[in-house]
Every structure is written in C-alpha cells, then in structure tokens.
Amino acid sequence: MAEQNLISRPRVLSGMRPTGKLHLGNYMGALANWVKMQDAYECYFFIADWHALTTDYADTTNFLDNSREVILDYLAAGLDPERSVLFVQSKVPVHAELYLLLGMITSLGWLERVPTYKEQLENLVGKDLTTYGFLGYPLLQAADILMYQPKYVPVGQDQVAHVELTREVARRFNHFYQLDGREVLPEPDALLTPSPKLPGTDGRKMSKSYGNTIMLTDPEPEIRRKLKTMVTDPARVRRTDPGDPDKCPVGDLHKLFSSPETLGKVYEGCRSAGIGCIECKGWAADSLVQILLPMQERRARYSNADAENILEDGSARARQRAEQTMAEVRAAMKLAPARQ
Ligand code: TRP
Ligand code: SF4
C-alpha cells in the first residue's frame, strides 16, 4: 500500500555539495523545503561529493568527514531515510558513466555560456579552475538529475541555469536516441525554492565564505553570543533612538523564526524605543534555540556509524534506480548492456 502510494507520487531529486557542517542559510534555502516535500513526493536527496572536487580538488583531507557531517545535518533537519532515498554521489558510480555519455552530445559552447562559469573562473582567486572538471560540472549535475528521471528539481534561483542546461542535454539525447520510439530522459522542471532573506551576523547574506553563519550545530551559548554581536538598524545609535525592524537584520530573523506575539512586541518596542537591542536580540536567540535544539537532539541520536549505514543503504537503493535508467540509456544508444 505504502509502495503503491510512492509510485504514484511525482519524483523529485536534489542535492548539495558537502562543504562541511550546514548553517541556517543552507537550512532555509533548501533543507527546510526538502523536509516538507517528503509526504507529497517520491524523494531522492543526495550529497554531491564529486562536485566538491570540481573546485577543491587540491586538498581532499576532509572529503569523507564532510559528507558524514552533511548527512547528519540532513537527518537532524528531519529528512527521513524511511521516506526519502538519501545517498552520496560517489557511491553511485554510474553517474560518471552517464556524464561521459552525455559529454559526447554536449557542445562546449553550452558549458561556456553557463553564467556561473566565467563568473567563478574570475572570482575564485587562489584556485586554478581552468580544468576540464570545472567546465564540465554543470553536465555532471545534468547526469545526476537525468539519472533519476525526476519530474521536478527543487533548487534555488542560482541553480536554474543548470536545470536549463539539463533540459537542453535531455532534448538532444532524446532527439538522437529513443527506446522503441519512446523518450528515455524526460525534461525535468526546476521547482523554485522560496528563498526568504536570511542575513548573517554581519547583515550580509549568510554564507560560509563571509564567516557570518549560525550553524545548525551551534550550542545555545554560542547562538546567544553570535546574536549579541549581530548588527542592527544603524539608525538606533542610542538606547533612546527609535529603530525599524524592517531595516534590521535581527528584525529579519524575528520575521522568520519568532511567534506573531514576539514579532508584535519587537515592532512596537523598537519603533517606540521601548525595548533595547540587547533584549530584542535575546528574544531572537530564544526563537533560534527553539528551532535548533530539537534538530540537535535528533542529531545526537545518530552515531557516525549510523550515518554511514544510512548513506550505504540509501546509496544501494539509488544504485538500483540508477541502473534502471542506465539500462534504458545503453539500449537506446545501442550500446552493450552491462553484465547482469
Ligand atoms: N550544483 C548544486 C549546488 O552547488 C549541487 C548539485 C549537484 C545539484 N548536482 C545536483 C542540485 C543535482 C540539484 C540537482 O548547490
Ligand atoms: Fe533591531 Fe531589535 Fe534593535 Fe530594533 S530593537 S534595531 S529590531 S535589534
């Protein structure tokens, strides 16, 4: 019965590069949305560990640790290995086979025109990105996606160009190769994740590279300490100056995480200078702790070995699903089937 249900749900696939432990920005920008999707969709969520190598190939010391931390954060956030297939890219090596085959029909111009390509080539200083792997990374992403023949790919705005490329590649594949007149690689649609404004402690967008993050694993005292030094509405210089929560990063956190009652008190107290910023930040910290503590409790229930087992099981399920697609791909291309 449960199986029946699963089969009738639209399939989705999404992934993240493992950059180590995740922060609140990763949660709001992707994970929170994935957790909600688990009831209505057949979900495949993965850790794109090979993708990390496209920019960080020179030092792979933390490669395995990073994937383990990310799966623990996935579990902490509420991804459920019973309901979603949770896997790691490198444990499903046929992604590389599909990537290679799709490479045969992908023109260089398509890859060079991906907007992030030139931008990152110029902006990521200190890394030589004039590599084949870096140019090919959106195609690897296309292989990740098409492998599971999903209906939707839930992603942020920054990934939409990659889904577009994926569609172009699928179209070209389907044009050249069919299986009994049928398309093997349906074009998936991007499902845009709503991305609320989530400022880091310095007021800029929360990002690991800015060093302004609140981690999902930060203990309560750390959360409170970070909030204390967070920037506020610059108009509130003295305690007696009124401020505006709509111009304050702490106000933005309240809007996302605080109850309507607390939010009401923030607006009223800030605009009338009835409360101080210290007090207001304390309330924001309370709201964050309420979200993060249950995650940290859930995280603590899994050992490293549990995390690795979950990835192992999920990857075995993913391999099975991927093999199904690959069998169709090889047949459509008139290649030899893999040995049974
Ligand atoms: N490129 C994505 C990122 O940087 C990660 C990713 C790799 C991905 N393969 C994917 C996302 C497939 C969605 C689907 O966040
Ligand atoms: Fe920001 Fe709160 Fe201070 Fe107003 S009272 S400026 S919302 S921290």
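Start with α7 (115–123), α8 (132–135) and α9 (137–146): each supplies at least two residues of the lining of the second largest cavity. The model is predicted, so read each stop as a feature of that prediction.

**Stop 1: the second largest cavity**

Select Leu111, Val114, Thr116, Tyr117, Phe134, Leu135, Tyr137 and Pro138. These residues line the second largest cavity. Its volume is about 30 Å³. What is the lining made of, by class? It has 7 nonpolar residues, 1 polar residue and no charged ones.

**Stop 2: helix α9**

How many of its 10 residues are buried? The count is 10 of 10, so α9 is mostly covered. The buried set runs through Tyr137, Pro138, Leu139, Leu140, Gln141, Ala142, Ala143, Asp144, Ile145 and Leu146. Two of these, Tyr137 and Pro138, also belong to the lining of the second largest cavity.

Now pick Leu139, in helix α9. Leu139 has a relative accessible area of 4%, so it counts as buried. Select what it touches, leaving aside neighbours within four places in sequence. The contacts are Tyr99, Leu102, Gly103, Thr106, Leu111, Leu165 and Val169. Leu111 is also a lining residue of the second largest cavity. Then draw a C-alpha to C-alpha distance from Leu139 to Trp110. The two are 29 residues apart in sequence and 9.6 Å apart in space.

**Stop 3**

Move to His95, in helix α5 (residues 94–103). Is His95 buried or exposed? Its relative accessibility is 0%, so it counts as buried. Beyond its neighbours within four places in sequence, His95 is in contact with Trp50, Phe87, Gln89, Leu140, Ala143, Asp144, Met147 and Tyr148. Leu140, Ala143 and Asp144 are among the buried residues of α9.

Step back to Pro93. Pro93 sits in the loop between β3 (84–88) and α5. Leaving aside neighbours within four places in sequence, Pro93 is in contact with Trp50 and Arg319. Trp50 is also one of the contacts of His95.

**Stop 4: the largest cavity**

The model has 2 cavities of 30 Å³ or more. The largest holds about 90 Å³ of space. Select its lining: Thr232, Asp233, Arg236, Pro245, Cys248, Val250, Gly251, Val266, Cys270, Cys277, Cys280 and Lys281. By class, these divide into 7 nonpolar, 2 polar and 3 charged residues.

Colour the helices next. α12 (249–257), α13 (260–271) and α14 (277–300) each supply at least two lining residues. Which helix gives the most? It is α14, with 3 residues.

**Stop 5: helix α14**

At 1.5 Å a residue, its 24 residues should span 34 Å; the end C-alpha atoms are 33 Å apart, which agrees. Now look along the axis for the bend. α14 bends by about 30° at Leu292, and Pro294 follows within four residues.

Show the buried residues of α14: Cys280, Lys281, Trp283, Ala284, Ala285, Ser287, Leu288, Val289, Leu292, Met295, Gln296 and Arg299. Cys280 and Lys281 are also in the lining of the largest cavity. Residues three or four places apart in an α-helix point the same way, because there are 3.6 residues a turn. What covers the buried residues of α14? The cover includes α2 (24–37), α4 (63–77), α11 (220–228), α12 and α13. Of these, α12 and α13 also supply lining residues to the largest cavity.

**Stop 6**

Most residues other than glycine have a negative phi. Finish with two residues where phi is positive.

Select Asp180, in the loop between α10 (160–176) and β5 (189–192). Its phi is about 50°, although Asp180 is not a glycine. At 79% relative accessibility, Asp180 counts as exposed.

Last, go to Lys334, in the segment after α15 (304–332). Phi of Lys334 is near 60°, a positive value in a residue other than glycine. Lys334 has a relative accessible area of 70%, so it is exposed.

Definitions and conventions
Residues are numbered from 1 along each chain as its sequence is written. Chains are lettered from A and ligands numbered from 1 in the order in which they are written. This is a predicted model: local features need pLDDT of at least 70, side-chain atom pairs count only at pLDDT 80 or more; totals for chains, interfaces and linings use all residues. Side-chain values use heavy atoms; hydrogens and water are left out. On a 1 Å grid over the protein atoms alone, a cavity is a set of points where a 1.4 Å probe fits but cannot get out, and a pocket is an open set with protein on both sides within 12 Å along at least five of seven lines; lining residues have an atom within 4 Å of a point. Grid points are joined across faces, edges and corners, and a volume is the space filled by probe spheres set on the points. Ala, Val, Leu, Ile, Met, Phe, Trp, Tyr, Cys and Pro count as nonpolar, Asp, Glu, Lys and Arg as charged, and the others, Gly among them, as polar. The expected span of a helix is 1.5 Å times one less than its number of residues. The bend at a residue is the angle between axes fitted to the seven residues ending there and the seven starting there. Buried means under 20% relative accessible area, exposed over 50%, partly exposed in between (1.4 Å probe, protein chains only). Contact means heavy atoms within 4.5 Å.
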